[in-house]
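Visitor: I would like to go through the terms used for this model one at a time. Please set each value against its cut-off.

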Amino acid sequence: MSSAPLRSPTPRPHRMKKDESFLGKLGGTLARKKKAKEVSDLQEEGRRAVDAPMSPASADVHPEDTLLEENEERMMIDPTSKEDPKFKELVKVLIDWINDVLVEERIIVKQLEEDFYDGQVLQKLLEKLADCKLNVAEVTQSEIGQKQKLQTVLEAVHGLLRPHGWALQWTVDSIHGKNLVAILHLLVALAMHFRAPIRLPEHVSVQVVVVRKREGLLHSSHVTEELTTTTERMMGRFERDAFDTLFDHAPDKLSVVKKSLITFVNKHLNKLNLEVTELETQFADGVYLVLLMGLLEDYFVPLHNFYLTPESFDQKVHNVAFAFELMLDGGLKTPKARPEDVVNLDLKSTLRVLYNLFTKYKDLE
């Protein structure tokens, strides 16, 4: 039989002077209630601002997003934009590319906002891409230290991008504040500047809710933020050609152009018992391009100069780049497309390359 548990005697509170106790408690309680009400009102005002009728959907607002100083501004991507397939593809392509670049560093990026805000991963990425070493502390825990490191890394980035006319759509505060729009602008610029072997989805835009505090009240606005345009524009090639017009305004004529090019390439590839039915896929590894150039210029291309059965992305890019060199040797202009674009099954780039050959060799028997 167990005995009843012993109870500890209830401690007597220390007796204070009556006036001190009453006024102290009253003042503390009123201060806490006032502070709590201010925070509550500010959060509620923020939610109302974000949930304004202009917004297509309610944004997921965290309390820290609405606790702003006077004239401070905060940007949030509308949830519906985050669910857009092209936006998701852009994020995935960038993350996969970053992880490929940093594989030797044993760094795995999973979430851009959380992995890039302190400058650590950005430092490693830039050092790999630019083949340089930045003079910054390896690990920084304090906010001041993180911002100082981020400032140094971004200055190095700006030194590379600014001479080429890139618009710098990010700041130390926006990156450190985990602003996904700013981080994406930065990564897209780096990918394009360093000619990353990836294909970014074109014309990706997001709806952004901008919350700003003025005279103690939160005001919201909604803007469309363009993250990518076309590959040509992002690479700095602003001139448009017939294929831009064809894709934008006459897609119905696209099949006619493809049929003409298929007829042209097969007239020559049939000599090797080869046949093309899909332009965007069958030229993507560069093999048919190399063989076609040999047929058009009437010479045999040594097999050790290219990969006859390429397996990796780099081997395919090598083949296409080698075919471009043969085109230059044949007196053609430098192709407007990048080898990576052809390998990535970009139809417009493949058509440009083949049409360049067609215009010179169309009358060749």
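Predicted model: local features only at pLDDT ≥ 70, side-chain atom pairs only at ≥ 80, totals over all residues.

Visitor: What makes the pairing of His 185 and Glu 225 a polar contact?

Guide: The side chains of His 185 and Glu 225 are joined at 2.9 Å. The cut-off for such a pair of N or O atoms is 3.5 Å, so 2.9 Å falls within it.

Visitor: Which residues does His 185 contact, leaving aside neighbours within four places in sequence?

Guide: They are Gln 169, Trp 170, Glu 225, Glu 226 and Leu 227. A contact here has heavy atoms within 4.5 Å.

Visitor: Why is Ser 174 called buried?

Guide: Its relative accessible area is 15%. The limit is under 20%, so Ser 174 counts as buried. Ser 174 sits in helix H8, residues 172–176. Not counting residues up to four places away in sequence, Ser 174 touches Asn 179 and Ala 182.

Visitor: Which residues meet where H7 and H9 pack?

Guide: From H7 there are Leu 154, Val 157, Leu 160 and Leu 161. In H9 they meet Leu 186, Ala 189, Leu 190 and His 193.

Visitor: What is the mean pLDDT of the protein?

Guide: The mean is 79, and 75% of the residues reach 70 or more. Over residues 1–27 the pLDDT is below 50, and this stretch has 2 contacts in the model beyond near neighbours in sequence. Residues 45–65 also stay under 50. For residues 45–65 the model has 32 contacts beyond four places in sequence.

Visitor: How many helices and strands does the protein have?

Guide: There are 17 helices and 3 strands. The protein has 365 residues, of which 43% count as buried. Among contacts with a separation of 6 or more, 61% are between residues 24 or more positions apart.

Key:
Residues numbered from 1 in each chain as written. Heavy atoms only, no water. Polar contact = N/O pair within 3.5 Å; in protein donor to acceptor, adjacent residues only side chain to side chain. pLDDT = per-residue confidence, 0-100. Helix = DSSP H or I, 4+ residues; strand = E, 2+ residues; numbered from the N terminus. Buried < 20%, exposed > 50% of the residue type's maximum accessible area, 1.4 Å probe, protein only.
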